[in-house]
Amino acid sequence: MGQSLQEILYYFPISHIEFLTKIGQEPITFDQVHRQIPDTWAGNSAILVLHDEESLRFLYDLDTSLQLAQVPQLVGIIICVEFAITFEQEIMELFQECGIPIIQIHDKEAYRKFAHRQKHYAYSHLAIELNGFIEKGFIQIATELSRAFSIPILYFDNQFLLLWCVGKNEEIRSARRLVNIQKRKITETTILGEFEIHQLECINRESYWLVTPAILPHWQKKLIDKLVGLTSFNLQMESEAESLFENVKRHFVYELLHHKFESKQLMVEQGKIWGWNLDKPHHLFIIDLDFSKGWTKTGTMLDELMKELDEIVESTMENIHTFSFNEQIIILYEDHSGASKNDVIQLVANLINSLTDKWKKGIISVGIGKWYADTTYLNKSYQEAKLALHFGQNNQSDQAIYHYNDMGVIRLLMHIHQGILTDYSEEYLNILAKSDRMHGTEYIKILQSMVQHRWKIDEAAKASHVHSNTIRNHLKKIEKMLEVDLQDMEDLMDISTAIKIHSFFGI
Amino acid sequence: MWKSIPEPINKIIGGVMMSKQYMFYFDMDKCIECRSCQMACYELHGGTGIHYRTVKNYGNKGNLHSLFLSISCNHCVNPVCVTVCPENNYRKRQDGIVILDSSGCKECLRCVSACPFQAPKINPITKHAEKCDFCFERLDNDLKPFCIENCPTNALNMVKVDCKKDIPEIEHLEIPLKKFSKPSIYLFAKRRKTTMYLREGEK
């Protein structure tokens with residue numbers, strides 16, 4: 001009993017095997033191995049193993065090929081060369097019709113395995129196997145196997161969405177229909193009807209799936225198993241690489257936002273990895289989502305917003321980079337000349353207006369830091385944007401975009417000794433605070449609302465849900481208690497400052 | 001100089017927890033005003049004439065009901081010093097520690113006045129601002145900060161918390177911008193019900 005040609009194929013790296021013609025399902029056995037065309041063909045069956053360019057010559061000649069294809073003992077031709085070879089289609093079809101498969105093994109030493117009929121898989125070859133798989137790629141290898149075996153191969157993601165497929169349309173449709181109907185039940189490698197669903201198992205990543213016919217000859221099954229194993233291994237490696245890449249990016253983003261880089265050159269070089277030109281100055285914006293307004297605080301919302309922003313940026317705006325950090329979205333906008341505050345606010349407003357309606361219900365707020373010509377100061381810009389955002393969200397609830405420069409006197413208050421601030425504020429507001437405490441009035445709250453709405457009575461009344469005359473009455477009482485005239489600019493500034501200090505301690 | 005001591009590479013690549021940060025924990029009920037923390041810190045930093053850590057007294061001297069507060073830089077989640085320093089000398093490490101590169105300081109005093117805790121102080125010799133660095137060199141060698149190690153009653157300690165979830169708003173102390181800056185100190189004071197002001201304890 002001879003040895004099966006197909007069984008030996010399993011012991012070569014899958015990426016090294018190229019089926020130049022289709023190969024039948026039935027095992028092809030041989031008892032003789034010839035390394036050149038013999039004068040006489042002895043034995044019952046033989047394979048021709050060619051491993052140099054010279055011996056390949058006959059395959060370029062139709063007449064010689066025709067004679068060879070008629071040799072009854074010849075059951076297969078193995079070509080063991082590393083370089084790519086192309087033969088005339090007519091010659092290939094001739095051998096295929098005669099049932100003589102031609103297989104190229106991209107390894108010039110491979111003939112030894114056929115000569116000695118080696119049936120030993122060396123695990124030391126795993127690195128070569130994997131490297132070959134990565135170099136050649138899943139798609140090419142799976143396509144070659146599909147053509148050689150005349151079978152469909154389908155590749156599904158973790159949600160059973162079809163990523164890729166090869167084979168006859170009818171078979172593919174049939175496999176897809178089956179997977180769609182049964183996908184909820186599929187949890188591991190399983191046979192469903194005519195198809196086998198192979199689980200591409202990975203750690204820290206949901207499984208992907210490969211679908212092939214369930215009934216295959218043993219040798220084809222072994223090669224498909226190898227394909228499944230290598231694809232899983234590759235997915236795991238990709239997952240690890242993605243995770244490492246993400247970690248390095250997170251670290252860089254953290255450093256960028258919290259640390260003045262010691263060398264701008266280093267920062268610029270690292271930025272290039274992510275496609276950011278940090279050689280040029282950038283504005284920095286922080287987009288914050290208010291999850292309290294009926295939204296679930298999950299990363300999904302942030303991802304959705306990121307996706308929309310990326311689409312807008314890709315289609316309409318240049319030199320803008322977006323990334324998420326600490327449940328917020330950071331935008332870097334390249335600007336050589338330092339656009340004015342109003343221009344930058346307009347740009348952000350345009351960006352937000354381009355979003356779909358679901359984001360326009362007051363759930364987005366944006367903080368903008370100052371522009372610095374030196375990008376190593378982006379960390380300062382980030383802190384400023386955060387401060388502007390915090391201040392805006394606490395004091396200017398009618399707006400959605402806050403610029404650090406809009407903080408006004410608050411920026412000065414930070415530098416004054418808190419004792420002095422408290423004394424100043426209390427001197428003006430103590431009487432009101434006492435009244436609020438003793439009689440339940442809300443004089444300080446009213447003044448805070450007035451300051452927040454720039455002393456526009458109608459707006460403050462609307463925001464406080466009271467009539468504007470009520471506010472006017474309260475203001476008159478306040479004027480009387482504090483012995484000030486709020487129509488007088490000096491008095492107005494003093495009271496405003498006292499209120500701002502009072503609010504400053506609360507934010 | 002902090003520049004010469006990079007964070008260990010495993011902290012960078014090995015899945016660093018960026019949201020975790022160190023935080024001081026101070027139990028005011030346990031503090032006996034021995035000032036060991038203050039003196040240990042002073043000695044460690046070479047007796048430069050400035051105290052990175054000070055102990056404040058809330059009450060009359062000798063009063064059994066006095067409360068004490070040991071305070072230094074509180075390594076805020078959003079440090080105001082980073083915003084105000086024109087030389088951009090401050091940075092926040094991934095473990096939350098705020099570090100000042102004093103070598104670039106121009107003695108503008110902005111951080112000194114802006115810090116709610118007056119943590120940065122001008123070194124009279126170098127004329128540069130300096131402040132508590134949470135003994136990060138010791139931390140990198142798995143040692144606790146010197147002030148914590150020298151507290152005999154365990155009133156001063158440290159914890160590592162998730163800065164997105166676990167940093168409570170500082171109670172008992174009235175300071176500006178605390179909701180924004182989120183100082184990384186947890187004050188425990190069972191006996192204290194009213195608000196304290198940092199300036200009360202100034203001597």
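Modeller: Strands count as paired if DSSP finds at least two bridges between them; strands are DSSP runs of E (at least two residues), helices of H or I (at least four), numbered from the N terminus. This is a predicted model: local features need pLDDT of at least 70, side-chain atom pairs pLDDT 80 or more, while totals for chains, interfaces and linings use all residues, and side-chain values use heavy atoms, leaving out hydrogens and water. Residues are numbered from 1 along each chain as its sequence is written, with chains lettered from A and ligands numbered from 1 in the order in which they are written.

Biologist: Okay, what order do the five strands of the open sheet have?

Modeller: In chain A, read E14-E15-E13-E16-E17, with mixed pairing. E14 (320-325) and E17 (401-403) of chain A are the edges, each pairing on one side only.

Biologist: And in which sense do E13(A) and E16(A) pair?

Modeller: Antiparallel: E13 (282-289) and E16 (364-368) of chain A share five bridges. A:Ile287 has A:Val366 in E16(A) as its bridge partner.

Biologist: Which residues touch the most other members of the largest nonpolar core?

Modeller: A core joins buried (under 20% relative accessible area, 1.4 Å probe, protein chains only) Ala, Val, Leu, Ile, Met, Phe, Trp, Tyr and Cys through side-chain atoms within 4.5 Å. Here, among 48 residues, look at A:Leu256, A:Trp276, A:Leu278 and A:Leu284. H12 (378-395) of chain A gives the most, seven residues.

Terms used: Buried means under 20% relative accessible area, exposed over 50%, partly exposed in between (1.4 Å probe, protein chains only).
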